Amino acid sequence: MAAGPYNYSYIFKYIIIGDMGVGKSCLLHQFTEKKFMADCPHTIGVEFGTRIIEVAGQKIKLQIWDTAGQERFRAVTRSYYRGAAGALMVYDITRRSTYNHLSSWLTDARNLTNPNTVIFLIGNKCDLDAQRDVTYEEAKQFAEENGLMFLECSAKTGENVEDAFLDTAKKIYQNIQDGSLDLNAAESGVQHKPATPRSPISNDQPPSKEGCAC
Amino acid sequence: MADKEHGDVSSQQNNPLSRKLNKILETRLDNDKDMLEALKALSNVLSDNSLRSRRNLRSDIEKRSLTINEEFLSAFQAVKEQLDSVYGDVKAMSDCCADMTNRLKAAKAQTHHLISQTTSLHAESQKLHMKQEVAAAFLEKFQLKLEEIKILRGARDGALHEDFFKALARVKQIHSDCKILLRTNQQTAGLEIMEAMALQLESGYERLYRWTQNECRLLTGDSPDISPLLCQAMQALQDRPVLFKYSLDEYGTARRSAVVRGFIDALTRGGPGGTPRPIELHSHDPLRYTGDMLAWVHQAAASEKEYLQTLLKLCEAANTSLEENLGHITEGICRPFKVRVEQVLVSEQEAVTLYKLDNLLKFYHNTIAQIVSAESALLTTIMEVQDLSHRMFFNSLSCHANRLLDKVDLPPADLGPTPSLTQTLQLLRDVLACHDASVVPVDDKKQDYKQILSCVIDPLLQMCSMSASRLNTVDMAAYMINCIYLIQSTLALYQFTDTRLEMLQAQTEAQVDTLCSEQAAYVLNRVGLTHIYSCVQQQAEIQGPLSQLQGMDTITVKSAMNKFDSYLANPDSLTLPQCNLLLGTLVRETVKKRSVELICQAYQQMYDTIMDPKHEYKDPQATVPRTPDQVLKLLS
């Protein structure tokens, strides 16, 4: 039996935030299912998805919490920032208001997460370039001023979606390697699984990955 | 001619001499080769053609013949001797062969037994060989290999190898194959093997169980490392439901304590270097505190479900055990959670906050119900605290309402709302506003609204009536209209208040009617038409013309009508002060309009009566100079 997709070295917790209707749930769906979900209903509170990715040869499980953008859920979704290793902050490039609200989302993210949380700015719906309301340059500048990573994506075509999630993970991983992220704390948003499990299995057999390449 | 010749020949033949002659003549010497040969040979014998030699030819030839014969004889003598010797040899050989044949025969007779023995032995050997193959195949199929037994017994340190599962599967296979064996006539073997395999199976399962139990016991980290081997172990243990359940219980217990520890850590210790801060740091903010706890519980439940799904991914129909186990795992946090939330709820007085908490708990009840089963302790606990918050909220509301009734304020001079009314309405507004922002489904909302409204509005109305009871009719009507107006305008902003609004509207109507008739009566009274109007109304019971009645004479009527005329010139002068104190513009207009209508109606009746010749008013035109239409125009 193959080692299966369940062997991973880390779990990173992500949170996706941003105004209502910017396509947070669609981004998550595109990332986890590789499909575009047309007429996606409004998220109630929070929803959750997972996927295992590989960064620098390490298998990493992403546990992604997708929050509701509606104002009335703000109080609820605030509780989910806690312990996120990565925050994806999404706006809609065709609606300027969603971009204008970014600073309030950023304040929330900064206040409610730990200082090492990687915040990634995503301009969604870049397939609708004709209806563009926020230029790339402007958003890029905003990201640079606030020390955010930035990409324009399309949950519909899937463009850059993968990269946004992966780049965030790479940055988090890098923070771990630098030692700036302390893994021993339960709420760092990252959980490390030791490479040598404590179970006696591995003492007398090679790691299962090599053992069965079939 | 031929015939003649023929006749000649026949005649010639009859003569022997002629015949001889003929014969000689006919002889062609050069054709007779034999003769030529003979003559040639003879020529050799005859060395010289002399008489003597011719005479001696015969004897010479005979002599020669004799010599040749002698030579021949001697030559044959040698041949014969040779042949004799050959005969001797052959005879000896024949004897020898006969001897050998005899000996062979004897030997054959002697070895015959041996050969048959050998053949039988050979056959036996072949048979045995076949048996051996069959036995080997049988053993291959029905016996475990040495290393398999070793694997099943396991190493001393209790480690488990992946081959263990192959060996275990083989034991199972053999066990089930034995059932086929039992159907043949190899029952003893079948039974024995079956027994042996059953023993092996049991010890194998026991070992597997012990290993699994140990593994599970170790899974107390924040996120357990569930190895593929453990998944396989769970799959294999499915055949032993009791062991499967025990292993799963062991896992559940380990995870349960891990989750409790994680929860307590999040509550009291927080993240690294204090970020995120411990949840309890926000215990002064009931909503944040409870919301953070619930979000933590939600996330933990979702994670635990994932881990369980990983653990049981190879097991079929593991859904019920998964749900049961998830319930068990999450049960641990119920107590610390419940204690804290109860503390929050009990110490909270604010109805609005309580209501927000109630909605928050309701929301999380719905959210977490998507992860854990409805029977789980976690959901029951959330349900319980939600129920408590619900009761606390309505308790707080009814307390407030009771306080209203305990101490009823006197209406202020301006007949406006009392402070307690505005306060209560503000509270209601706050409550309903937070409901507007709440996250619960519409059905729950509707139910809540109904309950909240009856909890607040009914006592509120009661309070208003009580405080109004000490006032006169006009003041009471105006005061009630004002109070209801305020309540109405508060409720109108919210959903599901239609029935309430209708009821309030009806109450307003009643008060408006009262106020209008009071206003109309007041006007009539002030211009001195009250008596005239009541007489006009009672004209059916009065005999004779009205002008004959006391106080209904032309002069009195005329002077009253003059006063009425001055009222028409300045209608506002006779408005009741209470009407001006009405808060709602619309109501004020309605009261004005309706009282005008009432006055016009009364005037119409009086006008008709006075103009009626039957009542014998002199110069009725001069007595009531204005037509009802004119009055209506002037007043509106």
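**Notes on a two-chain predicted model**

1. Let's start with chain A. Reading from the N terminus, its elements follow the order β-α-β-β-α-β-α-α-β-α-β-α-β-α. That comes to seven helices and seven strands. Please keep in mind throughout that this is a predicted model.

2. A word on how chain A is packed. Of its 214 residues, 45% are buried. Taking the contacts in chain A between residues at least 6 apart in sequence, 72% join residues at least 24 apart.

3. You will find Gly83(A) in the loop between α2 (74–78) and β4 (86–92). Is Gly83(A) buried or exposed? Gly83(A) counts as buried, because it has 27 C-beta neighbours inside 10 Å, and 20 or more is the cut-off for that class.

4. Next, a backbone detail at Lys125(A). Its phi is near 70°, which is a positive value in a residue other than glycine. Lys125(A) sits in the loop between β5 (118–124) and α5 (136–145) of chain A. Lys125(A) is buried, since 25 other C-beta atoms lie within 10 Å.

5. Asn160(A) also deserves a look. Although Asn160(A) is not a glycine, it has a positive phi of about 65°. The residue belongs to the loop between β6 (149–152) and α6 (161–178) of chain A. How many C-beta neighbours does Asn160(A) have inside 10 Å? There are 18 for Asn160(A), so it counts as partly exposed.

6. Now over to chain B, which has 25 helices and zero strands. The radius of gyration of chain B is 72 Å, well over the 26 Å that the globule rule gives for 636 residues, so chain B is more spread out than a compact globule. Along the principal axes, its C-alpha atoms fill a box of roughly 240 × 100 × 55 Å.

7. Buried residues account for 31% of its 636 residues. Of the contacts in chain B with a separation of 6 or more, 72% are between residues 24 or more positions apart.

8. One helix pair to inspect in chain B is α8 (residues 187–217) with α9 (residues 228–237), whose axes come within 10 Å and cross at roughly 135°. That angle makes α8(B) oblique to α9(B). The crossing in which α8(B) passes α9(B) is left-handed. On the α8(B) side, Leu208(B), Tyr209(B), Trp211(B), Thr212(B) and Glu215(B) take part; they meet Leu230(B), Ala233(B), Met234(B), Ala236(B) and Leu237(B) of α9(B). Sorted by class, this contact between α8(B) and α9(B) has eight nonpolar, one polar and one charged residues.

9. Another pair is α17 (residues 442–468) and α18 of chain B, with axes that come within 10 Å and cross at roughly 160°. How do α17(B) and α18(B) run relative to each other? They are roughly antiparallel, because the crossing angle of roughly 160° is over 145 degrees. The crossing of α17(B) past α18(B) is right-handed. From α17(B), the contact uses Ile457(B), Leu460(B), Cys464(B) and Ala468(B), while α18(B) supplies Met476(B), Tyr479(B), Met480(B), Cys483(B) and Ile487(B). By class, the contact of α17(B) with α18(B) has nine nonpolar residues, with no polar and no charged ones.

10. Ile457(B) lies in helix α17 of chain B, and it is buried, with 21 other C-beta atoms within 10 Å. Leaving aside residues up to four places away in sequence, Ile457(B) touches Ile487(B) and Arg500(B). Its C-alpha atom is separated by 46 Å from that of Gly262(B), which is 195 residues away along the chain.

11. Last stop: Ala492(B), in the loop between α18 (473–491) and α19 (498–526) of chain B.

Terms used
Residues numbered from 1 in each chain as written. Chains lettered and ligands numbered in written order. Predicted model: local features only at pLDDT ≥ 70, side-chain atom pairs only at ≥ 80, totals over all residues. Helix = DSSP H or I, 4+ residues; strand = E, 2+ residues; numbered from the N terminus. Axes fitted to C-alpha atoms, helices over the stretch in contact; angles between N-to-C directions. Parallel < 35°, antiparallel > 145°, perpendicular 65-115°, else oblique. Left-handed = near helix turned anticlockwise from the far one by under 90°. Contact = placed C-beta atoms within 7 Å. Nonpolar A, V, L, I, M, F, W, Y, C, P; charged D, E, K, R; others polar. Rg over C-alpha atoms; globule rule 2.2 N^0.38 Å. Buried ≥ 20, exposed ≤ 12 C-beta atoms within 10 Å, placed from the backbone.
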